[in-house]
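The sequence and structure are shown first.

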Protein chains: 2
Amino acid sequence: LHYRVSLAYDGTDFEGWQSQSRASAVRTVQSVVEGALAKLSGGPRVVVAAAGRTDAGVHALGQVACFRLERGMPPPELARALNGILPADVRVLDAAEASEDFHARRSAVSKLYRYELDTGPVQLPTRRRHAGHWPAPLDRAAVAAVAALYLGRHDFASLQSAGGSVSTTERTLTRSEVAWRDATLVYEVEADGFLRKMVRSLVGGMLAAGRGVMGLEALRAALAARDRRQWPAPAEARGLTLVRVDYPAAVLP
Amino acid sequence: LHYRVSLAYDGTDFEGWQSQSRASAVRTVQSVVEGALAKLSGGPRVVVAAAGRTDAGVHALGQVACFRLERGMPPPELARALNGILPADVRVLDAAEASEDFHARRSAVSKLYRYELDTGPVQLPTRRRHAGHWPAPLDRAAVAAVAALYLGRHDFASLQSAGGSVSTTERTLTRSEVAWRDATLVYEVEADGFLRKMVRSLVGGMLAAGRGVMGLEALRAALAARDRRQWPAPAEARGLTLVRVDYPAAVLP
């Protein structure tokens with residue numbers, strides 16, 4: 001049977017979602033979830049596909065993944081059984097039977113990411129796993145202007161890190177919003193898809209503008225250049241969380 | 001010279017504030033801060049006293065500590081130098097010269113603690129270091145009634161864990177408030193002082209009432225009995241944070 005699960009994880013102690021190779025000893029969320037399913041089913045390797053292949057240190061509140069099991073079980077029982085096997089830094093929040101044509105990544109129509117950046121002089125230790133840190137105030141108007149620049153359809157080739165292999169680098173951002181909670185920048189961005197390290201590069205651009213090292217027009221030109229050497233460095237992974245993945249109602253039972 | 005510092009820490013990887021013995025290899029906040037000061041001053045051991053001797057796993061946003069250094073330095077420089085030596089899970093938020101008669105614990109007039117308890121079926125992995133977990137809804141009215149019971153002056157001998165050695169077990173709670181953020185209970189409690197594991201025992205009582213295993217009158221009787229065997233078990237340490245310590249203006253320069 002075909003299942004989809006909603007997963008939450010603390011990415012700090014994982015080398016990202018995706019397993020490098022089947023024999024690798026690297027701890028990834030995929031390898032841990034596949035290991036739990038193998039243990040549960042007692043059979044051969046179960047391949048798990050996720051909506052977003054999060055990088056090392058990136059967290060998830062609502063990652064979606066899908067897989068097939070030869071012997072099915074009721075979804076609530078599957079969720080409980082997996083949580084009994086999985087380590088504490090990955091949890092199954094929900095499980096459901098998936099239609100045959102559902103695919104966690106290919107069926108997704110949009111994803112929402114959140115980035116948190118603490119800008120006080122000293123970062124609270126209780127925040128260090130879940131927020132980036134820049135130890136000085138930022139120009140908030142400049143940050144907001146860059147967030148607005150990103151909205152809509154653009155070729156984001158300048159914001160793609162090396163190693164990406166996609167047919168097109170155009171993406172449509174339907175939400176690109178900055179809010180401040182005391183000295184913490186909270187950025188939420190929603191799009192039909194994201195390139196490799198794209199969210200962290202979006203934040204990198206806002207940080208460059210907020211620090212005054214690169215202006216709005218320079219960033220606009222660097223975006224249009226489709227050349228990643230012209231774009232500021234991506235922000236630290238630890239501030240990033242995959243919040244939600246949306247699907248068309250037609251593929252959800 | 002005499003200094004006081006405001007400290008924040010993530011208690012997860014510490015065996016509490018207090019060093020067990022000078023030769024102990026146990027990682028405590030006190031040993032780490034004293035080690036940083038010894039390295040900074042290049043001299044003999046510097047003894048650091050804290051306002052609240054937090055247990056293993058308990059966090060701090062505003063712990064206060066004091067110590068003497070033979071060779072003084074400007075407080076902002078001291079804070080920067082210590083943060084350059086300390087591990088990332090302890091930070092100096094602020095440093096100041098202290099008057100001769102200031103003592104972090106003895107001079108304190110009140111302390112504020114916060115306890116967070118997630119009550120959803122599955123705890124988010126990003127919350128597991130900073131909130132306790134009870135995987136079922138609680139009776140919110142019963143929880144609020146117990147919080148109100150604690151207010152005022154009481155003999156809290158029933159809520160003191162073994163090993164406490166204080167002259168009196170009477171304490172005055174000036175604040176004992178429950179709020180809910182979705183399925184998370186947020187409890188704030190302020191008093192002139194706390195006994196050993198007292199905040200976790202206060203939460204243990206609220207949890208017992210919220211689960212329906214012990215009613216308000218039974219808790220009132222258990223409090224009056226001054227017998228810790230009659231009181232419910234303390235809540236998990238990881239949900240507890242020392243938020244703030246207050247001093248009379250006269251001891252602050």
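## Helix 3 and helix 5 of chain A

In this predicted model, helix 3 of chain A and helix 5 of chain A are roughly parallel to each other, a term for angles under 35 degrees, whereas angles over 145 count as roughly antiparallel, 65 to 115 as roughly perpendicular and the rest as oblique. Helix 3 covers residues 140-150 of chain A and helix 5 covers residues 216-224; they pack at an angle of about 25°, with their axes 10 Å apart. Axes are lines fitted to C-alpha atoms, for helices over the stretch in contact, and angles run from 0 to 180 degrees between N-to-C directions. Helices are DSSP runs (H or I, at least four residues), numbered from the N terminus.

The crossing of helix 3 of chain A and helix 5 of chain A is right-handed, that is, the near helix is turned clockwise from the far one by less than a right angle. Helix 3 of chain A contributes Ala145(A), Val146(A) and Leu149(A) to the contact, and helix 5 of chain A contributes Leu216(A), Leu219(A) and Arg220(A); contact means heavy atoms within 4.5 Å. By class, this contact has 5 nonpolar, no polar and 1 charged residues. Ala, Val, Leu, Ile, Met, Phe, Trp, Tyr, Cys and Pro count as nonpolar, Asp, Glu, Lys and Arg as charged, and the others, Gly among them, as polar.

## Helix 3 and helix 4 of chain A

Helix 4 of chain A spans residues 198-211, and its axis comes within 8 Å of that of helix 3 of chain A, crossing at roughly 145°. The crossing of these two helices is right-handed. From helix 3 of chain A, the contact includes Val146(A) and Tyr150(A); from helix 4 of chain A, the residues include Leu202(A) and Met206(A). The contact has 8 nonpolar, 3 polar and no charged residues.

## Helix 3 and helix 5 of chain B

In chain B, helix 3 (residues 140-150) and helix 5 (residues 216-224) pack at an angle of about 25°, with axes 10 Å apart. The two helices of chain B are therefore roughly parallel. Their crossing is right-handed.

## How the two chains meet

Chain B can be laid on chain A by a turn of 180° and a shift of 0.0 Å along the axis, with an RMSD of 0.0 Å; copies are superposed by least squares on the C-alpha atoms of residues with pLDDT of at least 70 in both. This is the relation of a two-fold axis.

The contact takes 21 residues from chain B and 21 residues from chain A. The copies meet through the same surface, because 100% of the interface residues of chain B are also interface residues in chain A. Chain B and chain A bury about 1500 Å² between them, 71% of it on carbon and sulfur atoms; buried area is the accessible area (1.4 Å probe) that two parts lose on being put together, summed over both. Pro125(B), Thr126(B) and Arg128(B) supply 34% of the area that chain B buries against chain A, more than any other three residues.

## Conventions

Residues are numbered from 1 along each chain as its sequence is written, and chains are lettered from A in the order in which they are written. Local features need pLDDT of at least 70, side-chain atom pairs count only at pLDDT 80 or more, and totals for chains, interfaces and linings use all residues, while side-chain values use heavy atoms, with hydrogens and water left out.
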